[in-house]
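The paragraphs below lead through the charged side-chain pairs of a structure and then through one of its pockets.

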Amino acid sequence: MITREEISILLDHPVYDGDGNKVGDAKHVFLDDASGRPEWVTVKTGMFGSSESFVPIRDAALVKDHLEVPYPKDKIKGAPNVDIDAGGHLSVEEEDRLYDYYGIDWDSVLAEPGERDRSPGAGAAGTAGAAGAAGTAGMAGRRDDTSRTAPDAAGTAAAAGGRSEARTRGHGDDAMTRSEEHMRVGVERHEAGRARLRKYVVTEEVQQTVPVRHEEVRVEREPITDANRDEAMSGPAFKEDEHDVTLYEERPVVETEAVPVERVRMTTEEKTADETVRGQVRKERIEAETELDEESGRRGRDAPERGRE
């Protein structure tokens, strides 16, 4: 059985069926209005998580980093599509459809988790082994269904926030019970956007100075001496002649190579901001009216005396 403390652990984590097949990721958890226990978990299924299926959570188990539910993957993906009202609650009709689809008997829904095996409807949830997966009051969306409420469920639902319809309790006196709605505010995790790292190539002009060398011709003249006279007189006089010298120079050569320079990654950090939530709640008021006849000389029905609580 999943507790309220484990909800934050299982959200956005994988959900596996009884055969070890991944169904999708857990996105939302719906609590029972009366008992406060987790009743349903929605699982993102389909390509890119395009659809959301409801699964009973009472017989689920949190194993390491994922949730295991005792229903086949195809059964979960074929669950009825339901609409959630503005308050984030299942309607009576929608929850009935889900209970019927998963084969959960209403008698087992009213039983406490430890008493489901002793309740008349235990085992009626089918071969998936989900008997009694709906919970005791099952009041998330059942606040107007008085025909199915257990003997103590009306008082329990009223204590959970006044969401069941107002009733006058008979205790052998003339007292009336006044109820009111209390607003409970929670938070849901929604996808707000996407961020990505994108790598692309740009070309930049770079400049670098490098020294280069080159050869230039320099004419050297030396006088005739006894040391070089023989070499100077070795050739004929007055004869045209040529002598070639090869000149060399250095030129810049450019090469490029890919060199890793840094690692880039994205991380997220949570920021907390205060947001004001406004809503409407209903409250019952009880007033006393006194009706007197005209013979008494006092006010009659047209001008009743009123006393407020």
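Side-chain exposure is given here as relative accessible area: buried means under 20%, exposed over 50%, and partly exposed in between, with a 1.4 Å probe and protein chains only. This is a predicted model, in which local features need pLDDT of at least 70 and side-chain atom pairs count only at pLDDT 80 or more, while totals for chains, interfaces and linings use all residues. Residues are numbered from 1 along each chain as its sequence is written, and side-chain values use heavy atoms, with hydrogens and water left out.

Side chains of opposite charge can pair when their charged atoms come close. The criterion for a salt bridge is a side-chain nitrogen of Lys or Arg within 4 Å of a carboxyl oxygen of Asp or Glu. The structure contains 13 such salt bridges.

One of them joins Lys27 to Asp12, at 2.9 Å from N to O. This pair connects distant parts of the chain, 15 residues apart: Lys27 belongs to strand β2 (residues 22-31), and Asp12 to the loop between α1 (7-10) and β1 (14-16). Helices (H or I, at least four residues) and strands (E, at least two) are DSSP runs, numbered from the N terminus. Lys27 is partly exposed, at a relative accessible area of 25%, and Asp12 is partly exposed at 31%.

Asp25 and Lys22 form another salt bridge, with their closest N and O atoms 3.8 Å apart. Asp25 has a relative accessible area of 25% and is partly exposed; Lys22 is partly exposed at 41%.

A further salt bridge pairs Lys44 with Glu52, where the closest N and O atoms lie 3.9 Å apart. Both count as partly exposed, Lys44 at 27% and Glu52 at 28%. Elsewhere, salt bridges with shared partners join Asp12, Lys27 and Arg189 into one network.

On a 1 Å grid over the protein atoms alone, a cavity is a set of points where a 1.4 Å probe fits but cannot get out, whereas a pocket is an open set with protein on both sides within 12 Å along at least five of seven lines; lining residues have an atom within 4 Å of a point. Grid points are joined across faces, edges and corners, and a volume is the space filled by probe spheres set on the points.

The second largest pocket has a volume of about 840 Å³. It is lined by 22 residues, of which Arg189, His190, Glu191, Ala192 and Gly193 are the closest to its centre. Strand β2 supplies the largest share of this lining, 5 residues. By class, the lining has 4 nonpolar, 7 polar and 11 charged residues, where Ala, Val, Leu, Ile, Met, Phe, Trp, Tyr, Cys and Pro count as nonpolar, Asp, Glu, Lys and Arg as charged, and the others, Gly among them, as polar.
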